[in-house]
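Visitor: Hi, I have a structure to go through. Can you walk me through it?
Guide: Happy to. Here it is.

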Amino acid sequence: LTWDTMAPLKQFFFYDRNFAPLRDQMVASLEECGGLAAVELKEDLLDDLKGNNRAGGGLPTYLYKSAKIRQALDEVAEGEIFLFTDVDIQFFEPIHGIVEDCMAS
């Protein structure tokens, strides 16, 4: 199979309203480089993590992230490649080829 014939690559991430501009920039960068159509965004917008009220750090965030990674593992098929990212990243080219090359090595 090639990326052209495979299901979209799932990208899991979460954020709160304070990080929404970073989320928007990340998604915009994915769209601008032509990679958004091949990605299924699996995002959680959080209201409150009952700690520092931010999705940027602290024990509540780390506990949520651990649970979210476990949920992602349960949601994908065995052998399925997926991404789990923070929202403070940017894409400069479509990622399927890069991920495919990394997973093949």
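Guide: Start with a term. A salt bridge is a side-chain nitrogen of Lys or Arg within 4 Å of a carboxyl oxygen of Asp or Glu.

Visitor: OK, and what should I know about the model before we use that?
Guide: This is a predicted model, where local features need pLDDT of at least 70, side-chain atom pairs count only at pLDDT 80 or more, and totals for chains, interfaces and linings use all residues. Residues are numbered from 1 along each chain as its sequence is written, and side-chain values use heavy atoms, with hydrogens and water left out.

Visitor: How many salt bridges does the rule give?
Guide: The count comes to eight.

Visitor: What do the side chains of Glu43 and Arg23 do?
Guide: They meet in a salt bridge, 2.8 Å from N to O. Glu43 sits in strand β2 (residues 39-46) and Arg23 in helix α1, so this pair ties together parts that are 20 residues apart in sequence. Helices (H or I, at least four residues) and strands (E, at least two) are DSSP runs, numbered from the N terminus.

Visitor: Which residues are in the network there?
Guide: Arg23, Asp24 and Glu43 are linked in a network of salt bridges.

Visitor: Is Arg23 buried or exposed?
Guide: Arg23 is buried, with a relative accessible area of 17%. Glu43 is partly exposed, at 28%. Buried means under 20% relative accessible area, exposed over 50%, and partly exposed in between (1.4 Å probe, protein chains only).

Visitor: What about Lys10 and Glu80?
Guide: Their side chains form a salt bridge too, at 3.6 Å from N to O. Lys10 is in strand β1 and Glu80 is in the loop between α2 and β3, so the pair links parts that are 70 residues apart in sequence. Lys10 is buried at 13%, while Glu80 is partly exposed at 26%.

Visitor: New topic. How many aromatic pairs are there?
Guide: A search of the whole structure finds three. Rings of Phe, Tyr and Trp (its six-membered ring) pair if their centres lie within 6.5 Å; planes under 30 degrees apart count as stacked, over 60 as edge-to-face and the rest as tilted.

Visitor: Why is the pair of Phe12 and Phe82 put in its class?
Guide: The ring centres of Phe12 and Phe82 are 5.6 Å apart and the planes are at 85°, so the pair is edge-to-face. Phe12 lies in strand β1 and Phe82 in strand β3 (residues 82-84), so the pair ties together parts that are 70 residues apart in sequence. Phe12 is buried at 0%. Phe82 is partly exposed at 23%.

Visitor: And Phe13 with Tyr15?
Guide: That aromatic pair is stacked: 6.1 Å centre to centre, with 25° between the planes. Phe13 is buried at 0%, and Tyr15 is buried at 8%.

Visitor: Now the core. Which residues touch the most other members?
Guide: In the largest nonpolar core, of 14 residues, they are Met26, Val87, Phe91 and Ile95. The elements giving two or more residues to this core are β1 (9-16) and α1 (20-32). A nonpolar core is a set of buried Ala, Val, Leu, Ile, Met, Phe, Trp, Tyr and Cys residues joined through side-chain atoms within 4.5 Å.

Visitor: What is Ile95 in contact with?
Guide: Leaving aside neighbours within four places in sequence, Ile95 is in contact (heavy atoms within 4.5 Å) with Leu9, Val39 and Leu83.

Visitor: Last one. Is Leu59 buried or exposed?
Guide: Leu59 is exposed, at 58% relative accessibility. Leu59 is found in helix α2 (residues 59-75).
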